[in-house]
Amino acid sequence: MIKKIFVCLTFVCGSLVGFADTRWSITPDGGISCSGSKFVGHKDHIEMSGKRVSVVLRYGIDARGSFSVEKGMVWPMLRTVPNNTHASLMKRVGWDMIDNLFVNNRKLANEKVEKISLRGMLTVESIFEGNIKVVRTYFPSTEQPAMIERMVVSNMGTTDTKVYMPYTDNIMLTDPKKGVSGSYAIRMRVSNPLSLNLAPGKSIEFCGTISASVEGEKKLDVDCEKEYSARKAFVDALDDNLTLVCPDTVLNRMFAFSKIRACESIYETAGGPMHGPGGESYYAAIWANDQAEYINPYFPFTGYDYGNKSSLNSYLMFARFMNSEGKPIPSSIIAEGKDIWNGAGDRGDAAMIAYGAARYALARGNADEARQLWSLIKWCLDYCKSKINAQGVVNSDSDELEGRFPSGKANLCTSSLYYDALVSASYLAPLMGEPADAKVYSAQAKRLRKNINTYFAGPVEGFDTYAYYKGNDVLRSWICIPLVMGIDEKAPATLDALFSPLLWTENGMLTQSHTETFWDRTTLYALRGAFCVGATEKAIEFLHRYSTTRLLGDHVPYAIEAWPEGSQRHLSAESGLYGRIITEGLFGIRPTGFNSFVITPRLPKNWNKMELNHIRAFEADFNVCVERRGKKIAVVVSQQSGDQTFLISEGKSVSVVLKP
């Protein structure tokens with residue numbers, strides 16, 4: 001089975017490397033790079049986003065050493081069909097600014113790519129004709145509906161070279177009948193044409209853009225250097241907050257990169273900021289799993305204010321659908337907030353929303369926001385309670401895989417999410433002035449935990465673990481989810497099952513044993529769950545292997561959605577799930593109040609120290625340092641107002657209250 005997966009993935013994205021092999025290298029500037037010679041004959045794709053645009057760059061180097069790129073452009077707010085999830089204006093564009101460049105009265109030839117680099121931008125360094133160096137950098141505008149190509153041409157020879165870039169302004173008009181706002185103008189433009197003699201050792205910069213707007217609107221004026229500085233500042237700011245420092249440089253860099261993809265995919269829609277998964281499919285819309293469950297609880301830790309705004313906005317959008325008739329909350333709110341999609345019925349969406357909103361409210365540490373969300377959290381908890389069956393677990397029509405795999409009448413995911421939501425609600429209720437509810441929620445959680453272990457537990461393929469639903473007789477990767485919620489009664493056998501050859505492959509975890517399908521989200525949940533229940537050595541081994549493949553392998557540099565569905569798209573929320581392996585798994589941070597948390601650090605035996613610096617949760621800015629001191633573990637929480645130091649035994653927890 002593993003060998004078969006290897007062959008199939010080779011077809012999708014080039015020759016997939018194993019965990020021990022790498023194509024890319026970590027660089028001192030905070031990025032990764034690959035030499036042109038190692039990329040010859042290879043192709044890959046990466047998604048990058050700004051507030052009004054997203055682009056999937058499909059790039060590669062042919063056998064002659066020449067670079068090629070196709071831009072999969074997406075404009076989420078230029079709608080092609082009213083109220084449709086997938087109706088963003090999209091166009092795959094092969095236009096490349098270098099095709100317009102003339103050197104010594106002819107187009108450049110004999111390209112040899114020297115290096116490709118990634119750090120929130122794609123940069124390609126090439127030599128043409130042996131003495132012309134061209135550095136191309138591709139990135140989305142942070143604010144404008146445009147993708148930008150910044151090109152620096154350098155004369156590496158010994159004589160003057162004539163360089164000519166003609167004025168270019170190509171416009172494609174879409175069919176007005178296929179646009180909600182009529183015809184759209186897709187414009188490919190070189191903004192600084194010129195002709196000059198370039199002296200030896202000198203350089204000249206050009207700027208190309210691909211943008212779109214409603215026909216007749218004012219032409220977009222792009223300042224290339226301003227846009228380049230803005231994109232760099234965005235990446236640098238993410239790097240400066242929630243910074244992981246540990247002995248594993250792969251984890252440090254993968255964690256830093258995951259923040260880029262997690263935070264960049266938020267769009268300034270008519271309904272306010274909306275985080276979107278991406279993948280040339282999911283934009284200007286939100287989901288109860290991707291946004292409410294996966295990524296929103298992570299944003300407070302990152303210090304990215306726009307992420308917090310999108311989180312609050314998404315929960316308030318879902319709150320519009322609370323009702324007294326017992327109808328399920330919709331799975332997705334689409335088209336900039338104007339409509340809904342509910343094609344899979346009740347997926348356990350109320351459990352997803354309650355889980356995410358309660359964790360977000362605590363981690364955000366903002367009492368006003370929490371009050372806005374409290375009625376939604378309570379409504380979702382009440383809805384889940386109304387769906388409890390005779391065996392004491394929660395019924396739902398499907399789960400987040402929407403029928404791709406069977407989930408029975410009651411699945412493990414929905415009940416586990418509901419359990420954790422009850423626990424968080426028990427922390428939140430006193431802060432909302434309802435201490436009696438805290439006792440009720442706590443009692444309900446205790447009872448549900450017992451029922452989960454009674455209803456779902458049982459032997460599956462030789463492992464004393466969980467059946468994902470009643471009657472399920474093959475292993476499912478979502479058996480990891482109780483571990484994430486601290487439900488550890490079946491932890492040893494569940495871990496053995498998850499990391500056995502029946503589920504684990506060179507490319508992460510299969511959705512179901514004896515199949516070829518994998519979704520990264522379950523791999524990411526499983527790795528977090530392994531840390532949560534104290535399987536630190538197993539977790540760190542598999543996390544390193546997974547991270548090496550995703551960061552430095554053949555399809556880089558982010559967590560992906562799935563295969564074969566979507567050809568391993570870089571959906572954004574999965575990068576949020578990667579980040580939560582570190583914050584909630586490795587460091588074991590569990591919010592318990594607006595300025596308090598429990599921390600259960602999992603320091604690997606070969607590490608003496610790990611740090612998570614400039615954590616921005618709880619409206620604070622603090623560092624956590626975990627280090628060995630003799631037979632004890634020291635947990636040092638540092639704020640500007642001073643340090644708090646706790647000495648604990650390995651595997652133990654400590655409660656922390658941040659100083660004002």
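Modeller: We go through the pockets, then the backbone. Keep in mind that this is a predicted model.

Colleague: Start with the largest pocket. How much space lies in it?

Modeller: About 510 Å³.

Colleague: Which residues lie nearest its centre?

Modeller: The lining has 25 residues. Nearest the centre of the largest pocket are R359, M485, G486, R590 and T600.

Colleague: Which elements supply at least two residues each to that lining?

Modeller: Five helices and a strand do: α10 (412–431), α11 (435–455), α12 (481–484), α14 (520–532), α16 (572–586) and β30 (589–591). The largest share comes from α10, with four residues.

Colleague: What is the lining of the largest pocket by class?

Modeller: Eleven residues are nonpolar, eight polar and six charged.

Colleague: What volume does the second largest pocket have?

Modeller: About 330 Å³. Of its 16 lining residues, D29, S117, R119, T123 and Y228 are the closest to the centre. Two or more residues each come from β2 (32–35), β9 (112–118), β10 (122–128) and α3 (224–240). By class, the lining of the second largest pocket has five nonpolar, six polar and five charged residues.

Colleague: Now the backbone. What is the general idea for peptide bonds and phi?

Modeller: Most peptide bonds are trans, and most residues other than glycine have a negative phi. Exceptions deserve a look.

Colleague: Where is a cis peptide bond found here?

Modeller: One joins V556 and P557, with omega about 5°. P557 sits in the loop between α15 (536–552) and β29 (562–563). Another cis bond joins W563 and P564, where omega is about 10°. P564 belongs to the loop between β29 and α16.

Colleague: Why does E461 count as partly exposed?

Modeller: Because its relative accessibility is 28%.

Colleague: What is the phi of F618?

Modeller: Near 60°, a positive value in a residue other than glycine. F618 lies in the loop between β32 (609–615) and β33 (622–629).

Colleague: Is F618 buried or exposed?

Modeller: Buried, because its relative accessible area is 5%, and buried means under 20%.

How values were computed. Residues are numbered from 1 along each chain as its sequence is written. This is a predicted model: local features need pLDDT of at least 70, side-chain atom pairs count only at pLDDT 80 or more; totals for chains, interfaces and linings use all residues. Side-chain values use heavy atoms; hydrogens and water are left out. On a 1 Å grid over the protein atoms alone, a cavity is a set of points where a 1.4 Å probe fits but cannot get out, and a pocket is an open set with protein on both sides within 12 Å along at least five of seven lines; lining residues have an atom within 4 Å of a point. Grid points are joined across faces, edges and corners, and a volume is the space filled by probe spheres set on the points. Ala, Val, Leu, Ile, Met, Phe, Trp, Tyr, Cys and Pro count as nonpolar, Asp, Glu, Lys and Arg as charged, and the others, Gly among them, as polar. Buried means under 20% relative accessible area, exposed over 50%, partly exposed in between (1.4 Å probe, protein chains only).
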